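Welcome! Please take a moment with the sequence and the 3D view before reading on.

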Amino acid sequence: MMQTLMNVLVAATVATANPGVGADLEKIVEGKGATAALARVTAGGKTWTGAAGVRDVRRGGKVSPNGYFRIGSVTKTFVATVVLQLVDEGKVRLDDPIDRHLPGLVPGGKKITVRALLDHTSHLYDYMSEPGYSTNRWRGAARFRSYRPKDLLKVAFAKKLPDDGTWHYSNTNYVVLGLLVEKLTGRPYGKEIERRILRSLGLRHTLVPGNRAGLPSPHAKGYEPVNGTLVDATRMNPSLDWAAGEMISTAADLERFLAALLGGRLTSAESLRAMRTTVETGAGFGYGLGLQAYTLPCGTVWGHSGELIGYLTFAFRSDSGKSLTMAFNPSTRNPTTEEVMGIAVKTFCG
């Protein structure tokens, strides 16, 4: 989705004269880019929240800007934060080979570092590239199946990426990192996120669902077009994503999390600098350690995007303290890069 980002940003600067974010959400819904959309903007100590669309395409109902949604790969930022906390505690080093802590688990693990897993430079094959293993695609009754992390790694390690020297985003990296957290702490990775981040920051509306198929209320239903018809994809077992993308949250909680992380409250200054040290991806953003960096006409914003069938999330924050969190429930199409980044430019540069 972010492949043409730089072209979009130039055009998006013109869009800052348009009406507010709420109008942009309405326009996306009217253009079939979403059945529901919500956003939260905080700047200068003031917060705006808004929503558009319907909770249920058949029954209607207003969308709550405080509603729950699946955050997909924004989960990776939570996992990366826990790993960096473990670095701060001296339990692991970023340049340790993963084989030192999880011996024999990862093919070539003597040469793949923890840092390479965090910034997706490990060159491990993404198991979600295999048919039937992506939570961004309709899987019918199979969406309620439970998976163990080692089931996912078995699929991933059966193939190798071509040695093309390019950057490859791979969910496999964060499944391995979830297992690393469990090995180093002796606790489920989700419990460590709860203990170290959710309770610490009072994020009462963020959860690691495990095998639970539903979302707390209120939430807007997520849909997927199948044979020309929108099918309800809200309920699913997210264990296929596990530490790569299973979490559920709200806009307010994600905003608070990024403020704490980027404000230096969750890791040491050295670890935060490491998280913000990016590699070139060729995908329209730089990638650090569980953080994406987007270059706008007025500077860089940090955060992560996430997708899981029926839900699309963007959480951004600038060093000046402005923040933008958006969640879309795609309709017959996803919101375009122009639509999403146009709102980001308006928020941060307008």
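## About the model

This is a predicted model, in which local features need pLDDT of at least 70 and side-chain atom pairs count only at pLDDT 80 or more, while totals for chains, interfaces and linings use all residues. Residues are numbered from 1 along each chain as its sequence is written, and side-chain values use heavy atoms, with hydrogens and water left out.

The pLDDT score is the predictor's confidence in each residue, from 0 to 100. Its average over the protein is 94, and 95% of the residues score at least 70. Residues 1-19 stay under 50; for them the model has 41 contacts beyond four places in sequence. Here, contact means heavy atoms within 4.5 Å.

## Helix H6

Helices (H or I, at least four residues) and strands (E, at least two) are DSSP runs, numbered from the N terminus. Helix H6 covers residues 171-185. Its 15 residues reach 22 Å from the first C-alpha to the last, close to the 21 Å expected at 1.5 Å a residue; the expected span is 1.5 Å times one less than the number of residues.

Eleven of the 15 residues of H6 are buried, so this helix is largely enclosed by the rest of the structure. Buried means under 20% relative accessible area, exposed over 50%, and partly exposed in between (1.4 Å probe, protein chains only). Among the buried ones are Asn171, Tyr174, Leu177 and Leu180. The buried residues of H6 pack against H3, helix H4 (114-118), helix H5 (149-156), H7 and strand E8 (286-287). After H6 comes Gly186, with a positive phi near 75 degrees.

## Two partners of helix H7

Two packed helices are described by the angle between their axes and the distance between the axes. Axes are lines fitted to C-alpha atoms, for helices over the stretch in contact, and angles run from 0 to 180 degrees between N-to-C directions. H6 packs against helix H7 (residues 189-201) at about 75 degrees, with the axes 8 Å apart. That makes H6 roughly perpendicular to H7; angles under 35 degrees count as roughly parallel, over 145 as roughly antiparallel, 65 to 115 as roughly perpendicular and the rest as oblique. From H6, Gly178, Val181, Glu182 and Thr185 meet Tyr189, Glu192 and Arg196 of H7. This contact has two nonpolar, two polar and three charged residues (Ala, Val, Leu, Ile, Met, Phe, Trp, Tyr, Cys and Pro count as nonpolar, Asp, Glu, Lys and Arg as charged, and the others, Gly among them, as polar).

Helix H3 (residues 75-88) also meets H7: the axes come within 10 Å and cross at roughly 80 degrees. H3 and H7 are therefore roughly perpendicular to each other. The H3 side includes Phe78, Val82 and Leu86, and the H7 side includes Tyr189, Ile193 and Ile197. By class, the residues of this contact divide into eight nonpolar, three polar and two charged.

## Helix H10 and two buried residues

Helix H10 (residues 337-349) has 13 residues and spans 17 Å from first C-alpha to last, close to the expected 18 Å. Ten of the 13 residues of H10 are buried, so the helix is largely enclosed by the rest of the structure.

Ser331 lies in the loop between strand E12 (323-329) and H10, and is buried at 6% relative accessibility. Not counting residues up to four places away in sequence, Ser331 touches Lys32, Gly33, Ala34, Thr35, Pro225 and Leu230. Gly190, in helix H7, is buried too, with a relative accessible area of 8%.
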